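Thanks for coming, everyone. Let me put the structure up, and then we'll walk through it strand by strand.

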Amino acid sequence: MTTAGPPTPGAGPLSGVRVLELAGIGPGPFAAMLLADLGADVVRVDRPGGPGLAVDPAYDVTNRNKRSVVIDLKAPDGPARVLGLAERADILVEGYRPGVAERLGIGPEDCHARNPRLVYGRMTGWGQDGPLAQRAGHDVAYIALTGTLGMIGRPDEPPAVPANLLGDYAGGSLYLVVGVLAALHHARTTGAGQVVDAAIVDGTAHLSAMIHGMLAAGGWQDRRGANLLDGGCPYYGTYETADGGYMAVGALEAKFYEEFLHLLALDDLAPAHKDWTRWGELRERIATAFKSRTRAEWTAVFEGTDACVAPVLSLGEAPHHPHLAARGTFTDHGGITQPAPAPRFSATPTAVRTGPARPGADTDTVARDWGIPARPAGDPDDLVTDGG
């Protein structure tokens, strides 16, 4: 049974929920950050030396709003310490290969023996079973097998890699968060925890549900750059401007399309909206028009209109856009400009409460708040449990 305290006013809708994160890279830490942004008390178990591919802890925004302890899971008492924390948690998040947590003695059965209500969230690329379950991989390989990577990019070029946003974070982290919160609701209703198997291949495939429906209906061609939403349509894509910038166009509906053409002084092309045979001509003339002015000039032209056109901004430019600045979409904390927590809540607002957790820095406060004795004096970098 967990011992989470009462919610703290103003800390977010998940205030009072305890999350134990076993440190990893990529989608697991991002999922735990989202839970922390929503107000959960997330304690990250870092390993001595840190994970591979990790950024400087001072700049790892995915560890904001969390606390950290360091535990060596290969030490004789390491698994017992983790189990002591799991006994007091509502949710556990881990991203090991299938079977690793079990071999370490901190798998679902071990944890549920101590805490039957625990939601045990497992984040992997390939999933807990299947022919590739034990294989190494990264975002780009996972999305490649789902058919989604092959959809992205120009038809005469290799598929464009969408950073690790589509697989790791959209198909992975967000599905893990949805899964553990749904399972938490079930646990609080029934008293029974469960395992959530969040695989990036499953989540990414799920994201393409609408496309599969369009494909079955004959409204989508199974090739890149030939469809309404993949850059094949000349009024849904990007165009270069005179100064090497880009404008993004999404003028799909007829009334938006007509306004878009009018502002480009291309009214004569209105009949080409549904005429695929004229899309080549349409694309060429739109491209020529955009090349005649700078990005700033075109931004001014489309400002305040419903033509569905926007400048393509860089990461550094985005926080300064008037709309995003007015909404506070980005925030500055500890000298780091970063996206603010999302979504927003009317009664339980969220915030960046603390900067990135430093490995092992929160030993004393976690021991106090979670009711676990601190490690004896002289060894302050870790936690010890009393066996629950």
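Start with a pair of residues. R18 has D41 in strand β2 as its bridge partner. From β1 the chain crosses through helix α1, residues 27-37, to β2, and this β-α-β crossover is right-handed. Right-handed means that, with the strands pointing away from the viewer, the path from the first strand over the helix to the second runs clockwise.

Some ground rules. This is a predicted model, where local features need pLDDT of at least 70, side-chain atom pairs count only at pLDDT 80 or more, and totals for chains, interfaces and linings use all residues. Residues are numbered from 1 along each chain as its sequence is written, and side-chain values use heavy atoms, with hydrogens and water left out. Helices (H or I, at least four residues) and strands (E, at least two) are DSSP runs, numbered from the N terminus. Two strands pair if DSSP finds at least two bridges between them.

Back to β1, residues 18-22. Five of its five residues are buried, so the strand is largely enclosed by the rest of the structure. Buried means under 20% relative accessible area; exposed is over 50%, and partly exposed lies in between, with a 1.4 Å probe and protein chains only. Both faces are covered: R18, L20 and L22 on one side, V19 and E21 on the other.

Who are the partners of β1? It pairs with β2, residues 41-46, in the parallel sense over five bridges. It also runs parallel to β4, residues 91-94, joined by three bridges. There, L20 stands opposite L92.

Now zoom out. The six strands form an open sheet in the order β3-β2-β1-β4-β5-β6, with parallel pairing. The edges are β3 (66-70) and β6 (194-199), each pairing on one side only. Neighbouring strands are turned by 20° against each other on average, direction ignored. For angles, axes are lines fitted to C-alpha atoms, for helices over the stretch in contact, and values run from 0 to 180 degrees between N-to-C directions.

Next, helix α7, residues 200-207. It packs on this sheet, touching β5 and β6, and its direction makes about 65° with that of β6. Contact means heavy atoms within 4.5 Å. Which residues of α7 are buried? They are I200, V201, G203 and T204. They cover an arc of only 165° around the axis, which puts them on the same side of α7. That arc is taken from the directions from the helix axis to the C-beta atoms. Their cover includes α1, β5 and α6 (165-190).

At 5% relative accessibility, D90 counts as buried. Its side chain reaches the backbone nitrogen of R18 at 2.7 Å. D90 and G193 are 103 residues apart in sequence, yet 8.8 Å apart in space, C-alpha to C-alpha.

On to the other sheet. This open sheet has three strands, β7-β8-β9, with antiparallel pairing. β7 (236-240) and β9 (309-311) are the edges. β7 and β8, residues 246-250, share five bridges, and E240 stands opposite Y246. Helix α10 packs on the sheet, touching β7 and β8, at about 45° to β7.

Last stop: H273, in the loop between α9 (254-263) and α10 (279-290). H273 is buried, with a relative accessible area of 9%. Beyond its neighbours within four places in sequence, H273 contacts residues including Y235, Y257 and W279.

Terms used. Polar contact = N/O pair within 3.5 Å; in protein donor to acceptor, adjacent residues only side chain to side chain.
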